[in-house]
Structures are given as structure tokens and as C-alpha cells.
Amino acid sequence: MTGLSTVLIVVGLFLAGGVYSFQKQQMPKSVVLLLAIGSAMCLAAGVLRIQGIWA
């Protein structure tokens with residue numbers, strides 16, 4: 001597990017918590033959607049790096 005993989009996963013989980021928080025605060029749907037997409041991208045990139053698929 002590389003340092004970048006760890007950072008990507010941590011940032012993805014942080015953004016996922018932001019999605020939950022923003023949803024509870026009834027923020028605009030576009031903001032929640034962008035945050036959710038960013039979270040999914042960070043988590044996917046971190047997992048792909050761990051698996052060795054994406055260098």
C-alpha cells in the first residue's frame with residue numbers, strides 16, 4: 001500500500017462524511033452531488049492503486 005493510495009482513501013472517506021453532513025443540512029443537491037462524485041473518484045482511485053491496476 002503506497003502513501004498516495006492511503007491519502008486518496010482518507011480523502012474519499014472525508015468527502016463521504018461531507019456528503020452525509022451536507023445532506024443533513026439540506027444543502028443544494030448540486031453541491032451534494034459534486035461532493036459525492038469526488039468522494040467516489042478518490043475511493044476508486046485509491047483502491048485501484050492498491051490492486052495495482054492503476055499505477
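Q: Why does Ile 37 count as partly exposed?
A: Ile 37 has 40% relative accessibility, so it counts as partly exposed. The cut-offs are these: buried means under 20% relative accessible area, exposed over 50%, and partly exposed in between (1.4 Å probe, protein chains only). Ile 37 sits in helix H2.

Q: What kind of model is this, and how are residues numbered?
A: This is a predicted model, in which local features need pLDDT of at least 70, side-chain atom pairs count only at pLDDT 80 or more, and totals for chains, interfaces and linings use all residues. Residues are numbered from 1 along each chain as its sequence is written, and side-chain values use heavy atoms, with hydrogens and water left out.

Q: How many helices and strands does the chain have?
A: The chain has two helices and zero strands. Both terms refer to DSSP runs, numbered from the N terminus: helices are H or I with at least four residues, strands are E with at least two. Helix H1 covers 3–24 and helix H2 covers 29–51.

Q: What makes Ser 5 buried or exposed?
A: Ser 5 has 1% relative accessibility, so it counts as buried. This residue lies in helix H1. Leaving aside neighbours within four places in sequence, Ser 5 is in contact (heavy atoms within 4.5 Å) with Gly 46, Arg 49 and Ile 50.

Q: Which residues form the largest nonpolar core?
A: Five residues form it: Leu 15, Val 19, Val 32, Leu 35 and Cys 42. The largest share, three residues, comes from H2. A nonpolar core is a set of buried Ala, Val, Leu, Ile, Met, Phe, Trp, Tyr and Cys residues joined through side-chain atoms within 4.5 Å.

Q: What makes Cys 42 buried or exposed?
A: Its relative accessible area is 17%, so Cys 42 is buried. Cys 42 lies in helix H2. Beyond neighbours within four places in sequence, Cys 42 is in contact with Leu 8, Ile 9, Val 11, Gly 12 and Leu 15.

Q: What is the phi of Gln 26?
A: Gln 26 has a positive phi of about 55° although it is not a glycine. Most residues other than glycine have a negative phi.

Q: How much of the chain counts as buried?
A: Of the 55 residues of the chain, 22% count as buried.

Q: What does the C-alpha trace span along its principal axes?
A: The C-alpha trace spans about 40 × 15 × 10 Å.
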